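Reader: I'm new to this one. Could you walk me through it, please?

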Amino acid sequence: MSNNFTQNAKVSDRVNKSWGFNVGPGPIWQIAEDRGWYKEAKEKVPDVDSDANRRPKVHQNVLVKSGWKVLDKSEAAAFLPTDVVTTEEGNLKPPPPVTCLLGPFEEQTEMKLNMFESLRISELIPESKAQIFNAGAPVWGIDWCPIHPDDRSAFKFKQYLAIAPFPSASHSPEIGVKVPRPSKACVQIWSLGPQQSSAKAKSKKTSTNNAEGGEMKCEMVLCLESGPAHELKWCPLPSHDDHSSKGRLRKLGLLSGVFEDGSWSIYVVPHPEDVTPAEHTSQPVFVHLPEPLLRIELEETSCWTCDWANSEQIAIGATNDSTLINHILPTHYLTVHQSAIRALAWIRAPPATSTGAPRVDGDPTVIASGGYDGMECMTDIREGHGSVMNRTRDVINAMTFSPFAGGPVTIDHENIVKAYSASPSMLGRGHTLMEPQGPVWSVDASDFHPQLAVGSADGCCSTTNTLRTTRRGGSVIYQLDYSRKSGVYRMLERFLPQETQDHPSAKAKAARAPKSASKPTSEISSIGQDMERIKATSGAATVSQHALY
């Protein structure tokens with residue numbers, strides 16, 4: 001699928017072995033390669049392996065739908081996140097600022113962030129390039145917008161991130177329950193770009209650190225009437241208009257999502273620069289989009305999750321245990337699970353001909369899915385039924401496809417993150433990658449390197465190398481905890497890589513256990529050491545899913 005390192009089997013084996021020696025929290029960029037496959041890739045061109053040809057622009061004839069308008073702050077207030085309490089007049093208050101302890105451990109500074117505000121961590125930890133920002137409420141949908149490499153300079157090297165906050169911190173969606181339209185909510189478009197040079201920089205070192213860290217800013221807020229989004233997914237290939245397009249409103253891309261009105265919808269997102277008035281202040285521009293470009297909904301169920309295979313084929317998981325396949329419009333409706341489908345991912349590999357040759361111009365046919373019934377299945381849409389690859393006593397909240405792992409990555413019992421093979425010789429076999437200390441909310445992999453990112457309910461964002469020979473290890477990027485007593489968050493960073501010890505089986509424990517009922521001194525000492533470690537590294541007992549990333 002790639003004419004780079006994977007063109008030669010011997011070279012591919014050596015590169016995979018090299019990847020396995022990486023124990024750091026991030027990838028080795030010198031040997032990164034694009035192992036993703038899309039049928040839209042240009043084959044008969046001189047530079048076939050370039051990013052521009054492997055991921056070309058799509059949907060250039062799609063225009064921003066008419067009827068949009070720019071709202072002022074008072075008109076947009078009904079679409080924005082609010083506090084859980086009201087004023088004396090009965091109006092909802094804006095969300096309160098988030099108080100968080102940031103900086104090096106035992107030298108942390110209390111910072112307050114209002115909605116739409118951001119902070120560079122380099123102001124507290126000079127070598128850090130991280131950003132923290134407040135979306136105003138808990139976030140369930142988040143995704144980066146793809147930008148074509150030929151247009152990155154025209155975009156001023158900005159990257160755009162779509163964020164879908166809930167209406168308030170107390171909002172709790174119910175599975176399969178639709179809210180009637182219009183239901184006001186918003187999707188925020190944040191940008192990460194180079195830091196603008198400032199004359200107020202105190203020193204050359206400070207200015208350099210800020211420039212390297214970049215600037216996070218909320219550029220635009222889309223005011224929608226479909227209810228809050230439970231998941232957001234951009235079209236995986238660049239779908240923005242050329243920067244030089246004249247005479248029409250440019251679009252930033254096609255943004256899809258599953259919304260609380262039970263629908264799966266695609267919105268054509270306008271470019272923030274084209275809708276921002278000249279006299280606009282530092283606040284984001286509020287744009288009302290009354291209707292999506294495409295809306296798909298089923299009378300008997302609600303859409304709950306989605307995934308793009310390419311620019312045309314989409315899979316949607318529903319709350320009535322069914323999977324809906326769309327080639328823009330619906331083509332398949334399959335019953336796979338016994339309860340709501342919460343996570344699914346396409347196995348992005350081309351179908352094969354009768355001789356075994358890959359059909360690189362065809363659509364993928366296999367979907368991995370997980371639901372509230374604890375089953376993880378692989379479904380070939382040509383067969384019409386699923387095959388169970390694993391069953392666990394837990395809800396499957398997240399799933400992704402990794403071309404380096406060769407199959408889907410999802411969760412197993414006791415919060416274990418596993419990679420399952422999709423190759424015929426090892427179909428359905430899994431191996432453990434890491435063991436977070438809390439339920440896993442999200443996992444994501446890259447087409448360019450084998451690093452896996454995991455977000456869990458213990459407040460940790462962790463990474464691990466899926467090709468490491470030593471399993472179950474990982475690096476904690478940061479940990480966010482919350483004190484109910486003080487109402488203050490705390491973010492811990494600078495964690496060292498760790499290796500999770502193998503848990504002995506019950507039979508092995510019984511064989512080693514002494515006949516006496518009292519605990520051995522060594523075991524008591526081990527427990528004491530574990531408690532000291534928890535006191536030194538953890539915070540209060542409760543972790544909140546607030547919109548701090």
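Author: Gladly! Helices (H or I, at least four residues) and strands (E, at least two) are DSSP runs, numbered from the N terminus. This is a predicted model, where local features need pLDDT of at least 70, side-chain atom pairs count only at pLDDT 80 or more, and totals for chains, interfaces and linings use all residues. Residues are numbered from 1 along each chain as its sequence is written, and side-chain values use heavy atoms, with hydrogens and water left out.

Reader: How many helices and strands are there in the chain?

Author: Counting the runs just described gives both numbers. The chain has seven helices and 32 strands.

Reader: What share of the residues counts as buried?

Author: Buried means under 20% relative accessible area, exposed over 50%, and partly exposed in between (1.4 Å probe, protein chains only). Among the 549 residues of the chain, the buried share is 50%.

Reader: Is tryptophan 19 buried or exposed?

Author: Tryptophan 19 sits in helix 1 (residues 9–20), 385 residues apart from its partner. Its relative accessibility is 0%, so tryptophan 19 counts as buried.
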